[in-house]
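Dear colleague,

Please find the structure below, together with its sequence.

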Amino acid sequence: MKIQDIQAIQLLLATPKKIVIIPHRGPDGDAMGSTLGLYHFLIKNNHQATVIAPNDFPNFLAWLPGSETVKIFEKETEICTQILEEAEIIFTLDFNAFHRTGEMEHTLAKLKATFIMIDHHQKPDDYAKYTYSDTSYGSTCEMVYNFITFLNKKEDIDKTIATCIYTGILTDSGSFRFPGTTGNTHRIIAELIDLGVENTQIPVLLFDNSSFSRLQLLGRALQNMKILEDHKTSYTTLTQEELDSFNYVKGDTEGIVNYGLSIKDIVFTAIFIENKDEGIIKISFRSQGGFDVNQFARDHFNGGGHSNAAGGRSEVSMEETVKKFEDLVTKLKL
Ligand code: 5GP
Ligand code: MN
């Protein structure tokens with residue numbers, strides 16, 4: 001972050017302010033961990049802070065401290081709009097373009113508040129007065145840790161804030177495996193553990209708290225998997241009917257996409273998940289090595305993300321979407 005920006009933000013936060021903190025739509029561990037970590041920090045510094053998520057977060061994140069205070073724009077649009085209109089400062093975390101907030105986009109575009117972006121995705125829009133954007137980081141949570149440190153407030157990081165930050169670093173780094181994971185990431189993690197973070201309990205809450213029906217849904221996704229051997233690609237699908245038959249709840253498909261990369265020699269994988277309510281197929285892409293799935297998602301599926309993990313959407317049927325994907329893959333040099 002630029003030193004002038006840090007000084008300006010320090011000045012801005014020197015007196016109590018009305019602040020809203022926003023994660024992206026479909027918030028994941030990093031989006032919720034970063035917004036709640038920053039929320040606890042701002043409350044501790046006497047600000048009036050509210051996290052407003054565009055839509056609900058999955059149940060496996062409901063244990064995060066402060067999650068009960070999070071307002072859901074989709075559910076309480078009127079009150080959320082009022083809080084947004086009254087805000088003096090708005091932090092947008094773990095995304096960098098208003099359209100990532102879905103319906104909330106139109107409200108955000110009209111606001112007069114000072115926007116501060118903290119994010120690690122590529123190609124940030126320029127809506128924020130202060131932009132802390134760096135794609136080299138594995139998580140926004142690691143950047144929130146840096147942000148608090150830049151403000152000279154590291155001593156404010158307590159067990160609660162540390163727990164939120166730890167969660168996002170853990171989930172977005174694929175449990176410390178993905179390329180953005182550095183020695184510095186581990187040094188931060190060590191500090192967070194020293195602050196009392198329950199590092200053996202958090203993975204259990206996140207990953208080992210599954211329902212039997214979720215495991216069966218995973219089984220179906222694995223059975224549906226197809227391999228395009230000549231193109232080092234795998235993909236799988238879940239239709240709305242399949243989701244319904246395994247009593248799908250939000251969060252149940254989280255992480256399934258990664259299994260497609262666990263096959264020897266596969267470097268590109270995707271999962272296509274039908275959402276009949278929204279009339280779309282939601283897609284997650286993952287790659288290993290040099291193939292840039294962010295660009296692929298942007299070019300062909302109205303999406304984006306990072307070079308090894310991205311997402312997108314399709315508004316045609318599952319069959320047509322998969323056909324389009326297969327056709328594109330056969331033209332790739334992987
Ligand atoms: P996931 O596949 O886990 O939902 O998302 C992987 C990464 O891609 C995340 O960093 C997420 O923010 C980003 N991403 C997922 N879906 C979309 C999308 O529709 N548009 C954009 N721009 N990014 C997405
Ligand atoms: Mn993230």
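This is a predicted model: local features need pLDDT of at least 70, side-chain atom pairs count only at pLDDT 80 or more; totals for chains, interfaces and linings use all residues.

Metal site. The manganese ion (ligand 2) has four protein donors listed for it: Asp 30 (OD), Asp 94 (OD), His 120 (NE2) and Asp 172 (OD), at 2.1 to 2.3 Å. Along the sequence, these donor residues follow the spacing D-x63-D-x25-H-x51-D. Asp 94 and Asp 172 link distant parts of the chain, being 78 residues apart. Asp 94 sits in the loop between strand S4 (89–93) and helix H4 (104–109), while Asp 172 belongs to helix H6 (residues 159–172). Asp 94 has a relative accessible area of 1% and is therefore buried. Asp 172, at 18%, also counts as buried because the cut-off is under 20%.

Ligand 1. There are 13 residues around ligand 1, and those that come nearest are His 121, Lys 282, Ser 284, Arg 286 and Gly 304. The side chain of His 121 places an N or O atom 2.7 Å from an oxygen atom of the ligand. For Ser 284, a polar side-chain atom is 2.6 Å from an oxygen atom of ligand 1. Gly 304 uses its backbone: an N or O atom there lies 3.0 Å from a nitrogen atom of ligand 1.

Pocket. The second largest pocket has a volume of about 170 Å³. Its lining includes Gln 10, Leu 13, Phe 41, His 47 and Lys 153. By class, the lining residues comprise six nonpolar, five polar and one charged.

With kind regards

How values were computed
Residues are numbered from 1 along each chain as its sequence is written. Chains are lettered from A and ligands numbered from 1 in the order in which they are written. Side-chain values use heavy atoms; hydrogens and water are left out. On a 1 Å grid over the protein atoms alone, a cavity is a set of points where a 1.4 Å probe fits but cannot get out, and a pocket is an open set with protein on both sides within 12 Å along at least five of seven lines; lining residues have an atom within 4 Å of a point. Grid points are joined across faces, edges and corners, and a volume is the space filled by probe spheres set on the points. Ala, Val, Leu, Ile, Met, Phe, Trp, Tyr, Cys and Pro count as nonpolar, Asp, Glu, Lys and Arg as charged, and the others, Gly among them, as polar. Donors are N, O and S atoms within 2.8 Å of the metal (3.2 Å for Na, K and Ca); water is not among the atoms, so sites may look incomplete. Helices (H or I, at least four residues) and strands (E, at least two) are DSSP runs, numbered from the N terminus. Buried means under 20% relative accessible area, exposed over 50%, partly exposed in between (1.4 Å probe, protein chains only). A residue is near a molecule or strand if one of its heavy atoms lies within 4 Å of it. A polar contact is a pair of N or O atoms within 3.5 Å; within protein, one must be able to donate a hydrogen and the other to accept it, and residues adjacent in sequence count only if both atoms are side-chain atoms.
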